[in-house]
Amino acid sequence: MNSHELESRVDAIRWYHSMDLGRGIATKGIDDTPARLSRLELPISLAGRSVLDIGAWDGFFSFEAERRGAARVVATDHYSWHGPTWSTKAGFTLARELLGSRVEDLDIDVMDLSPDRVGTFDVVLFLGVLYHLRHPLLALERVAAVTADLLVLETVVDMVGFGRPAAAFYPGRELNGDPTNWWGPNPSAVNGMLHAVGFERVRTITPQPSMPYRAARAIWHRARGRASALSSAFRQDRAVFHAAKRA
Ligand SMILES: C[S@@+](CC[C@H](N)C(=O)[O-])C[C@H]1O[C@@H](n2cnc3c(N)ncnc32)[C@H](O)[C@@H]1O
């Protein structure tokens, strides 16, 4: 395949992840994925470890785990691999081919994960999925059951600064106009849920910005038309958690 044909194949796909596929070709994803990777504090080396990437979509984080030496990586998804609203599996399949990757794929819903169905994994990535689920605590039980050691969780958080564990519920298209967004827990709710499903040690990786910083950021986003309401821009954020089975 010449480079022109290759570019046409890449450009024909509606990418979510922004990903370098080598040979001078990068996907034009709607997500700034390298910036998100820098906030996850993934272990530098995953040598010899097994990794499960739940809700992998185009597979950026699965391929990154493989690049970091993981012995086995399984990418799972369901919703976005079946279109029509959220694209298809074509991006994952093409990226895997072009990267010469051995990442395995499994079409399975979060709610169907169990040690019997998929086994257990040293490291589980659960990135950008929690707030899409109608039953987040139940989903975390499923995720905990297949995590042997470390869970890396990234999610939208809401009600930030509220004194108690709490979660915002998004009816209809309230969050980002997307009807598949349901819940925005605050960091202490995520922490509490992770303990409740059996993780002994939970660390919040992302720094929690101060009230004045959040206020200034909300005004900045609003001024650029990136937030529908000042109050929600003030309360909402994204956060990363590392949860370990043993203290
Ligand atoms: C915002 S994307 C995040 C993709 C990727 N994990 C990342 O962080 O860039 C949400 C992903 O969650 C997946 N997802 C949503 N509901 C799911 C479910 N019930 N079971 C499995 N995956 C689901 C979607 O298909 C999509 O790939």
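## The salt-bridge network

Asp31, Arg36, Glu154 and Arg238 are joined in a network of salt bridges, a salt bridge being a side-chain nitrogen of Lys or Arg within 4 Å of a carboxyl oxygen of Asp or Glu. The model is predicted, with local features needing pLDDT of at least 70 and side-chain atom pairs counting only at pLDDT 80 or more, while totals for chains, interfaces and linings use all residues. Residues are numbered from 1 along each chain as its sequence is written, and side-chain values use heavy atoms, with hydrogens and water left out.

Arg238 lies in strand β9 (residues 237-244) and Glu154 in strand β5, so the pair ties together parts that are 84 residues apart in sequence; strands (E, at least two residues) and helices (H or I, at least four) are DSSP runs, numbered from the N terminus. Glu154 is buried at 3% relative accessibility, whereas Arg238 is partly exposed at 32% (buried means under 20% relative accessible area, exposed over 50%, partly exposed in between, with a 1.4 Å probe and protein chains only).

## Other salt bridges

The structure holds 12 salt bridges. One of them pairs Arg9 with Glu97, whose closest N and O atoms are 3.2 Å apart; because Arg9 belongs to helix α1 (residues 3-11) and Glu97 to helix α4 (residues 90-99), this pair ties together parts 88 residues apart in sequence.

Arg49 forms a salt bridge with Asp149, with the closest N and O atoms 2.9 Å apart. Arg49 lies in the loop between α2 (33-40) and β1 (50-54) and Asp149 in strand β5 (residues 147-157), so parts 100 residues apart in sequence are tied together. Arg49 is partly exposed at 25% relative accessibility, and Asp149 is partly exposed at 21%.
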